[in-house]
Amino acid sequence: MVRTVGLACASALGVAHAGLDAHARLSTRLPVALEGRTLALTGRIVGLPRTGPDAVSFLLEVDHCRGLGRVASALCAVGPRRVSLSWRRFAGDGRALPALRPGQRWRLPVRLQRPYGTANAHGFDFEAWALQRGIDATGHVQTDRGAARLAEPADASLGWRDRIDRLRQRLRMDIEASVGVKAPRATASTRVGTRAEWNSRGSRGEPADAAQSARSAQSDRLDRSDRSVEGHEADEADASRSRLTRLPERRSSDTQVSDGIVARSRMPVLTALTIGDQRGLPSSVRAWLAQTGTSHLLAISGLHVGIVAGGVAWLASVLWRCAIWRGRPLALFVPAQLIAAPIAAIGACFVVALSGFGVPALRAGWMTTVALVTWTLRRRTRATVTLCWALLLVLAADPSAILSAGFWLSFCAVAAILLATSPRPPGSDAASRAGGPPMGPRDVGGWRARWQSVRAATRVQMAVTLALVPLTADWFSQVSLISPAANALAIPWVSFLLLPVAMIGVLMPPPFDHFCYRAAAHLSDGLLYFLAALTSVPLASVTLPPTGPVATALAFAAMVLPWMRWRRADRLRLPIAACCGLPICVMAGAAAWGRVAEGEYRVTAYDVGQGGGVLVETASHRLLFDTGPPHGESDIGERVIVPHLRACAVARLDMLMLSHVHVDHTGGALSVIRAVPIRVLSGSLPRTHAARLAMAAAGGANTFCVRGQRWTWDGVRFEVLWPPRPESGSGSGGANASSCVLRVDNGRHVALLSGDIEAAQEARLLAYHARGASRRVPRRVPAARAPAGPPTPAVRGAAVNLDAAAGPNRFEDSGRDTLPGLRADVAFAPHHGSRTSSTLPWVRALGASEVVCQVGYRNRFGHPHRTVTARYARHGARLHRTDRDGMIHFETRGGELRSERFREAQRRYWMPDWPAEREMSP
């Protein structure tokens, strides 16, 4: 009873502590009224600034905030307290970026907004990340208004955190000076995947000297394209032969690309190992680590802390045993172990501080400290108790750490290791039960002891791998199958070679540190080449759908229980088998739940910011319409679309349709093409566009989207309505005029994806379909001959007779000027709801009940325009905005059309409230 009451009180105290911490973090966020206003902030730089070619990003701890006017100044007193800023250098500006250091004090004119990110299922949650790091606002420095550096305290009066950050920055600069190398210049065979060409718009920025074989291959496909998309089936044999002929060239290209990636990764790998800064790691290296299950090697955690603490303790013990005072060894007065323990704790704390106090490093540091304290006090404490103490101390210091994946992966991995290495009870050994003779001294010191060590290490690695399967599936939707083999070689390589050499470089003075960093760079090259080779193994990793928190907990328990060696393990075989089977059933059920029925479809509008990205799913086919804009050094394809496709177990895309060449619609195409096999690439793109070249290199088919293309997937009809002829985006009307328009119809509900067409294209579409509607003669369809296709409601004023089996006509006598070829239930506002589109005749012709505007939060274009949103509202449409609602789902189920907004369905307390005054954009 006492234990139950104590546990309940401790739980209540923990919940209260977490609630108070969350309230304190949210109370200092930037008020809505200060968004977009110019503020004068005075504060000091904290953390490590990150300098790029055209910008430097940093965190500013605000001491004083001043706005224009009394109201703004009063609101500044509320917050923010810590802001994330970007100091940009625009084209033509000859001024150099400032050399920022931790601890410097600045007075900066800035424009801020609340921490507001994209909200998508299975994507990166920027708002939770900002909450965990205490970021109250994000923004940029207005360089034209005069930023001033203030007098800063001397180094002797700096705070201890600033001292640590300055040390980390100095180490990063030393590593960059020692091993910072530029990537090899891109050749014609590697230029398809370079980043500079991808940021270009239109055909003028496309690579003119790309591989001739890839260009000729995709040009042949484009020349053979016709109005029927299904014509790509005839090209599959040619594509197979083309892949075989290009195999030597692709291998050479892959080798050159790997050399460039490895060369660019030397500095990021060493900074990740020494100071815990992983921000510079290329996305390709992150993919290698994820596919091989070795991401933990570059995250400072228990492995790194243990190696450093153990090495320091061993060195201190050796030196103490050699020390002599008055002719007698000091070890006779104080045992070497008592001297080594506090020194090892100091070494562990040093590594944790160098890592920036990350959650895995904190966990390892607390565990090391608790274990050393209990050992020094001659107290026997179980390892699980030490783990629980570390868990308590980490959450007491930072309750928001529970939001990070590193928290769960770190603690669960250690728990699995402790369970796998727990000592067996007497009489449970297999040899004892079999009645075999015990091992003698020779056996213990010989090959049997080595074999037992190998078996123990293998058992631990398998236990960790299996225990983390449900966690990695739920967090990343990807599980590595070659993780045991990769870790078997990578862990010794990092533990005994790479990490010791790098840490010796940290401790050595110049110029000796240079040689250590160079040696560590060559060791990191070998590691990356090894991981890159492993990723080419078939089935190196598999995609699993997320299981949810309940199924994840059950699966974790099921994976851990077989490794717990209990006395009565024989009696627990059936319960353990049940626990192992239950999560598998839950996973299978979660995967089957997401399937689309025959004759139905699902439309997913991604929250990509200011851009476009829509996934259309039928029972067995997938179509991706646009891929969103670039996002910093990455893009929306890598950050949002690919994780969602993996979480939905989408192994292949049947079509990628890029509406036009603007980068806000094609920015993530290369990431999608690299990550997911695609059968057909369609769109209004030039022949030399980077996406077309990448598609040709991958052996896929290329075609243009042209009006009149029709095909049917699983009872759902797809039709391209625009453009009337193949376009590349370089015509007189511009790229928007050639944007693809796609219609999806299952006979009961219609979705219309409009791209970025303008008022002129809307008028031409209206005229074309009005002429087609006037040529149709209404007729009565007999019940025995009811068509299986979609109903075709006529124009207003004409008689409509449809069979009941074909479904009711929603727009019959509705008073709307709907057109049969344009009417839609779900419509995407053309050009993000700009005032140059969504004209009144277009809105009337659609008669849509659901309208989606894919726009970015506080975008500089003012999309969607207030007149457009009011126009749709007057015609009975329900408006969805991705900046307000996040990812939006539409799914047809019989005669019902279901919709779901991510920010409503998955509401979290850290999500900012949407201001009512922003419903109508200016």
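**Cavities, contacts and backbone**

Author: The structure holds 2 cavities of 30 Å³ or more. The model is a predicted one, and the largest cavity has a volume of about 140 Å³.

Reader: Which residues lie nearest the centre of the largest cavity, and how many line it?

Author: The lining is made up of 18 residues, and H665, G755, F828, A829 and Q854 are those nearest the centre.

Reader: How does the lining of the largest cavity divide into nonpolar, polar and charged residues?

Author: The lining of the largest cavity has 7 nonpolar, 9 polar and 2 charged residues.

Reader: Why is the pair of E35 and R114 said to tie together separate parts of the sequence?

Author: E35 belongs to the loop between α1 (2-27) and β1 (38-51), while R114 belongs to the loop between β4 (105-113) and α3 (126-132); the pair therefore ties together parts that are 79 residues apart in sequence. Both residues, E35 and R114, are buried.

Reader: What makes the contact of R903 and E127 a salt bridge, and why are R903 and E127 called buried or exposed?

Author: The side chains of R903 and E127 meet at 2.8 Å, N to O, and because the limit is 4 Å, the contact counts as a salt bridge. R903 lies in helix α33 (residues 902-905) and E127 in helix α3, so this pair ties together parts that are 776 residues apart in sequence. Buried means under 20% relative accessible area. R903 has 3% relative accessibility and therefore counts as buried; E127, at 2%, counts as buried by that rule.

Reader: Where are the cis peptide bonds that join P510 to P511 and W722 to P723?

Author: The bond between P510 and P511 has an omega of about 0°, and P511 lies in the loop between α20 (483-507) and α21 (512-535). The bond from W722 to P723 has an omega near 5°, and P723 is found in the loop between β20 (716-722) and α28 (734-737). Most peptide bonds are trans, and most residues other than glycine have a negative phi.

Reader: What is the phi of F357, and what is that of H831?

Author: F357 has a phi near 60°, a positive value in a residue other than glycine, and is found in the loop between α12 (336-354) and α13 (359-376). H831 also is not a glycine, and its phi is positive at about 50°; its place is in the loop between β23 (826-828) and α30 (840-846).

Reader: Why is the pair of W160 and F357 called edge-to-face?

Author: A search of the whole structure finds 14 aromatic pairs. The ring centres of W160 and F357 are 5.9 Å apart and the planes stand at 85°; planes over 60 degrees apart count as edge-to-face, so the pair takes that name. W160 lies in helix α4 (residues 160-179) and F357 in the loop between α12 and α13, so the pair ties together parts that are 197 residues apart in sequence. W160, at 54% relative accessibility, counts as exposed.

Reader: Which residues form one aromatic cluster, and over which rings do the charged ends of R692 and R707 sit?

Author: Y116, Y857 and W914 form one aromatic cluster. The charged end of R692 sits over the ring of F704, 4.7 Å from its centre, and that of R707 sits over the ring of Y768, 4.0 Å from its centre.

How values were computed. Residues are numbered from 1 along each chain as its sequence is written. This is a predicted model: local features need pLDDT of at least 70, side-chain atom pairs count only at pLDDT 80 or more; totals for chains, interfaces and linings use all residues. Side-chain values use heavy atoms; hydrogens and water are left out. On a 1 Å grid over the protein atoms alone, a cavity is a set of points where a 1.4 Å probe fits but cannot get out, and a pocket is an open set with protein on both sides within 12 Å along at least five of seven lines; lining residues have an atom within 4 Å of a point. Grid points are joined across faces, edges and corners, and a volume is the space filled by probe spheres set on the points. Ala, Val, Leu, Ile, Met, Phe, Trp, Tyr, Cys and Pro count as nonpolar, Asp, Glu, Lys and Arg as charged, and the others, Gly among them, as polar. Helices (H or I, at least four residues) and strands (E, at least two) are DSSP runs, numbered from the N terminus. Buried means under 20% relative accessible area, exposed over 50%, partly exposed in between (1.4 Å probe, protein chains only). Rings of Phe, Tyr and Trp (its six-membered ring) pair if their centres lie within 6.5 Å; planes under 30 degrees apart count as stacked, over 60 as edge-to-face and the rest as tilted. A charge sits over a ring if NZ of Lys or CZ of Arg is within 6 Å of the ring centre and within 35 degrees of the ring normal.
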